[in-house]
2 protein chains.
Amino acid sequence: MDAAAVRKVRSFNRTTAERIGALSDGFLGRGRPMGESRTLWEVGQDGAEVRELRARLGLDSGYASRVLQSLERQGLVKVRPSGADARVRQVELTPAGVAECAELDRRADRVAWSFLEPLPVDKRANLVNAMVEVDRLLQASTVVFGVEDPTTADAQWCIQQYFDELNQRFETGFDPTRGIQAEAHELMAPAGALMIARLRGRPVGCGALKFHGRAPAELKRMWVSRDARGLGLGRRLLAELERHAIASGVKVVRLETNRTLKEAIALYRSSGYREVQRFNDEPYAHHWFEKRLRKGS
Amino acid sequence: MDAAAVRKVRSFNRTTAERIGALSDGFLGRGRPMGESRTLWEVGQDGAEVRELRARLGLDSGYASRVLQSLERQGLVKVRPSGADARVRQVELTPAGVAECAELDRRADRVAWSFLEPLPVDKRANLVNAMVEVDRLLQASTVVFGVEDPTTADAQWCIQQYFDELNQRFETGFDPTRGIQAEAHELMAPAGALMIARLRGRPVGCGALKFHGRAPAELKRMWVSRDARGLGLGRRLLAELERHAIASGVKVVRLETNRTLKEAIALYRSSGYREVQRFNDEPYAHHWFEKRLRKGS
DNA sequence: TCCATTCTCTGACCTTAGTCAGAGAAATCC
DNA sequence: GGATTTCTCTGACTAAGGTCAGAGAATGGA
């Protein structure tokens, strides 16, 4: 733990928390409790189902019900039974609600501008650049990893992204029907596992394991979204997969990879994988790696 | 208002508020209401008077009283009448309170570290650098300007800083007893005004006006602290002084300055001051400027 | 000495933001 | 067709974080 760096981060935390908190609450509240403003905002232009709203904002059903009643009394939203299923209720903004949302939007803009406005023009650009950098790098620490069902739309999307990436990068292109397959059922317990990395719920990376009993497990489908690279996600994903493998009784992990995937190869090497003799006949592979897992790692 | 920049600032606000808020509350609360933790922290190693504590934290007297009682019941602080004035009460940490503060400190360190920890080492440095930049530039928007009594210790300190700066920069050094004086009473209403810029209560700049009835007012004592330069404070200070001058019925402001003060000269020129013939015999001056004030400016 | 002020405490009250345990209606499963 | 599940609402309750109006003691100034 780097003490000087920690001191700077704490100073940053204090300054920004104060600055953002003070302004946002006073300015965006509009005399209304913040919970109502947040809900109003979340209903948005397109309306939403109450259950979906509750899930997004993490509200208790009783609490959500009362917040919506209050907004309805203020004439900002209209709640009515959904057409398809009369149990679920559909919330929509009234014209007054739309106007109020627009006002909140303008106010949030003004809060943002109040950070920039006092600065000379060139410093404004510096501040924005630094904020973009902080934003991006902070997001890395909010990424969550989890083993998921490989048949869901999100999982399929990740795997498609992975295929697209390979197709772009391999000198020969990539055809998923050639070479060694990994069907969805092979990536589900107990045959295997698919781990997905999510940023604010959006998938930004994946990686999979195929178990082979006492024989080495295979590592497959390692992919990190283009806009989330350079944040160390690949390494964390690999570590999570190894942890999961150890927990499943795996002793050795092996993988094959293509020579064009330089960052991946560097990642494997620096994570303790050593290159071994070809152990399968994957047509797209140039390198084969293996690692003996240990509890501590 | 630059829409693209505003969008980036808003994204930054959202990310950091979420990240800092979520972690800090859960982690620093220690099962205790946050108000108590904040108060405990503010009492600090040296103890404090209750009224001072209230002022710093902006608490109601009744509320503060109850928070302190609760902390006392937990054995973390000791409240007793102050020696000098039996109305005011002095708060001090008990040994348990000192230990608890140290624990809070360690936790705040861990929160800070949790931002850096998931990142690869080189990105950690990038994040810290960007945070330092944001921290510094955001502070600019928290600076407040106000006309103050020139006889206070803070005001005297600012003027001394100004003299020291001149003494370092003038080729000939600077002796405040030579040249045209501006005594404290000349900078007080109705003869003049001293404006001080403060960052978190600490003075970081000053500037003064001397009124001469219908004749042009004089601008004096423009100074910005070394560590707050490059944030556009000089320009804002000048604008505030001009606003104050207009409100006091001033039509024209003039000033003299030394050729070594290049940034100041550039500021005057770009703020609408034009160079005029020498209008006094200030021995340290090389340039004389004048500006006709207008309501809108 | 007396009056006004300062500082703290107490009691009464308030809002926000929840949580929890049902109840009732609609939909789905078997 | 009946049982179970899903979704929403209501009522009762809680904690945190405050506000406001005095009361009482100590102090300072005329």
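Reader: What makes the three strands E1, E3 and E2 of chain B an open sheet?

Author: This is a predicted model. In it, the strand order is E1-E3-E2 in chain B, with antiparallel pairing. The edge strands are E1(B), residues 48-49, and E2(B), residues 77-81. Each of these pairs on one side only.

Reader: How do you know that E1(B) and E3(B) are paired?

Author: Pairing needs at least two bridges between the strands. Two bridges join E1(B) to E3(B), residues 89-93. Therefore the two strands count as paired. They run antiparallel. In this pairing, Glu49(B) stands opposite Gln90(B) of E3(B).

Reader: What holds paired strands together in general?

Author: Strands of a sheet pair through backbone hydrogen bonds.

Reader: Which residues come nearest to DNA strand C?

Author: There are 20 residues around DNA strand C. Tyr63(A), Arg51(B), Arg66(B), Gln69(B) and Arg89(B) come nearest.

Reader: Why is the pair between Arg54(B) and a phosphate oxygen of DNA strand C called a polar contact?

Author: The cut-off is a pair of N or O atoms within 3.5 Å. An N or O atom in the side chain of Arg54(B) is 2.9 Å from a phosphate oxygen of DNA strand C. The pair therefore meets the cut-off.

Reader: What about Gly35(A) and Arg66(A)?

Author: A polar backbone atom of Gly35(A) is 3.4 Å from a phosphate oxygen of DNA strand C. For Arg66(A), a polar side-chain atom lies 3.4 Å from a base oxygen of the DNA strand. Each value is within 3.5 Å, so both are polar contacts.

Reader: Which element gives the most residues to the surface near DNA strand C?

Author: H4(B) does, with five residues. The elements that give two or more are H2 (34-43) and H4 (61-73) of chain A, and H3 (50-57) and H4 (61-73) of chain B. By type, the surface has six nonpolar, five polar and nine charged residues.

Reader: Why are the buried residues of H9(A) said to lie on the same side?

Author: The buried residues of H9(A), which spans 262-270, are Ile265(A), Leu267(A) and Tyr268(A). They cover an arc of only 160° around the axis, so they fall on the same side of H9(A).

Reader: What do these buried residues pack against?

Author: They pack against E7 (215-224), H8 (233-247), E8 (252-257) and E10 (287-292) of chain A.

Reader: Which residue takes a positive phi just after H9(A)?

Author: Gly272(A), with a phi of about 100°.

Notes: Residues are numbered from 1 along each chain as its sequence is written. Chains are lettered from A and ligands numbered from 1 in the order in which they are written. This is a predicted model: local features need pLDDT of at least 70, side-chain atom pairs count only at pLDDT 80 or more; totals for chains, interfaces and linings use all residues. Side-chain values use heavy atoms; hydrogens and water are left out. Buried means under 20% relative accessible area, exposed over 50%, partly exposed in between (1.4 Å probe, protein chains only). Helices (H or I, at least four residues) and strands (E, at least two) are DSSP runs, numbered from the N terminus. The arc is that of the directions from the helix axis to the C-beta atoms. Contact means heavy atoms within 4.5 Å. A residue is near a molecule or strand if one of its heavy atoms lies within 4 Å of it. A polar contact is a pair of N or O atoms within 3.5 Å; within protein, one must be able to donate a hydrogen and the other to accept it, and residues adjacent in sequence count only if both atoms are side-chain atoms. Ala, Val, Leu, Ile, Met, Phe, Trp, Tyr, Cys and Pro count as nonpolar, Asp, Glu, Lys and Arg as charged, and the others, Gly among them, as polar.
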